[in-house]
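Visitor: I'd like to learn how to read a few features of this model with you. Could we go through them one at a time?

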Amino acid sequence: MANAITNIWRLSRAGIVLAQHGVRFVPRGQPVPLALKLARLATLPIALVAAPFNAGKPKERRISSALAALGPSYIKLGQFLATRGDVIGPELAGDLGHLQDRLPPFSMAEARRAVEEALGGKLEDHFVEFGPPVAAASIAQVHKAVTLDKDGQRRQVAVKILRPDVEKRFKRDLDSYFFAAHLIERVHEPSRRLKPVAVVENLARTTELEMDLRLEGAAISEMADNIAPEERFLVPSVDWKRTAKRVLTTDWIDGIPISDHVRLKAEGHDLKGLGLVVLRSFLTHAMRDGFFHADMHQGNLFVDKAGNVIAVDFGIMGRLGHKERRFLAEILYGLITRDYQRAAEVHFWAGYVPPHHPVEVFAQALRAIGEPIHGRTADEISMADLLGQLFAYTEVFDMETRPELILLQKSMVIVEGVARGLDPSLNMWVAAEPVAKEWVEANYGARGALRKAGEGATTLARILAELPSVLAEAERASAGLAEMARNGIRLDPATVENLALATSRRDRFRRIATWIGALSLAALAAKYVGLI
């Protein structure tokens, strides 16, 4: 009960701050639950008072200012929801897409203390030079420093340091997000298909990984092992001696920011070729390796003198299993080759569309999405548009949100923006075809058949080795089922008492949360179902 009241208070404060910045929670003409209507009335006086101060400000600026005022975790929430047009609507998702993860840096004294606590000894024991922060975001900031190698050679490095107490702040706010998501699923049935709790769980996992910089170092190392020399895509090396949970040290990247097109041209780099490298590298890592950089915006990409693209900031990484990789490759290949039946069938195979819908009808919907692509010029074709149209069909075909594809969807849109910035005429589908075709042939062509034969022999041997224990377990399970069939299922008195107590507490919580939270909680909760 106390925790519920605390969360309601925190979310109420967030709703007030958003209202002060002129953020509207309820879209025009969209039906909403009674709780959200009451919340709009509760925050209306604040919005009216703030209206003159917000007049003339673009919506995306108002959102950015509000989330920055609420703190680092709300900036991350905003960036995360920007990828979920299916949850918050395309208009709000587009506005949140302009959100920049920039905050004032913390002090050099705090940075020194963090390094010394993480690595031990004095800062000077690890770095001969340690400069001021060159970039600061919601979770960490980066310093340029210099180390000495064993042979006395100076080496420039980048030192990433977590913000003081950022873990506690995120944990507190994530508790509130979970509270809101559970309440939404409980009182607003249409939102359950969008799995708001799963959305928050995905955000929690992502931020937890981001706040252990050893894992970021491991991600850099793993990607370095995956990359082939001919890809023209590089990553920095990790200085493991100077890396800990809250401090990460890597090579300093001396390159041209990929967003500086004027300088790239002046240095003789081929912008169209760079756009192709960015797009194909991302798709190759996602489909071939099942492991990709999930934050490849322009600020995280540089170009070296040899024309290689170098990525930094590996805090957010995406993983795809074989099933998801097949789904990605088949969808791309199906749309490119206009094989909509095959693209539809893979949706059903993956379990993304419930089996009670006809495959042929879903193939017809995919045709409605894919055919316009083939009749448009290269600069009009957009992966972002494709994803938006797919989102539009999720409700029609009862498609549930797939959390494992959230980062992939977000990353594809970001990569498309970077590649298109380098080459506005880049045909995304022509560029993607060889990558998708290679994966399909490698996994389902002759090479794939040979590889799967070897894997099948290994799997069969493992199954045969485990067969005796499996049979013994099956025998025990069969005996237990026979006993239940004869005598029924028995619950001991303690179990019955605990079930009754849990039910009573849940019902009491539901009544309290629904009435108390109606006026205050829904302001923030509406972000999952509303627009600006």
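Visitor: Where is Arg338 found?

Guide: Helices and strands here are DSSP runs, H or I of at least four residues for helices and E of at least two for strands, numbered from the N terminus. Arg338 sits in the loop between α13 (322-337) and α14 (340-349). Although Arg338 is not a glycine, its phi is positive, about 65 degrees.

Visitor: And how should I treat the numbering and the confidence?

Guide: Residues are numbered from 1 along each chain as its sequence is written. This is a predicted model, where local features need pLDDT of at least 70, side-chain atom pairs count only at pLDDT 80 or more, and totals for chains, interfaces and linings use all residues, while side-chain values use heavy atoms, with hydrogens and water left out.

Visitor: Is Arg338 buried, partly exposed or exposed?

Guide: Buried means under 20% relative accessible area, exposed over 50%, and partly exposed in between (1.4 Å probe, protein chains only). Arg338 counts as partly exposed because its relative accessibility is 44%. As for the protein, buried residues make up 48% of its 532 residues.

Visitor: Which loop holds Asp165?

Guide: Asp165 is in the loop between β3 and α8 (166-187). Asp165 is another residue other than glycine with a positive phi, near 60 degrees.

Visitor: How many bridges join β2 to β3?

Guide: Two strands pair if DSSP finds at least two bridges between them. For β2 and strand β3 (residues 154-162), there are 9 bridges, and the strands run antiparallel. Ala140 stands opposite Leu162 in β3. Their hairpin has 5 residues between the strands, and Gly152 there takes a positive phi near 85 degrees.

Visitor: What about β1 and β2, how many residues lie between them?

Guide: That hairpin has 3 residues between its strands. Strand β1 (residues 129-136) and strand β2 (residues 140-148) run antiparallel, joined by 5 bridges. Glu129 has Val146 in β2 as its bridge partner.

Visitor: Which residues have the most contacts inside the largest nonpolar core?

Guide: A nonpolar core is a set of buried Ala, Val, Leu, Ile, Met, Phe, Trp, Tyr and Cys residues joined through side-chain atoms within 4.5 Å. In the largest one, with 61 residues, they are Val278 and Met287. Helix α12 (residues 271-289) gives the most to this core, 9 residues. Apart from this core lies another of 25 residues, including Ile63 and Tyr74.

Visitor: And what does Met287 touch?

Guide: Contact means heavy atoms within 4.5 Å. Leaving out residues up to four places away in sequence, Met287 touches several residues, among them Arg325, Leu328, Val435 and Trp439.
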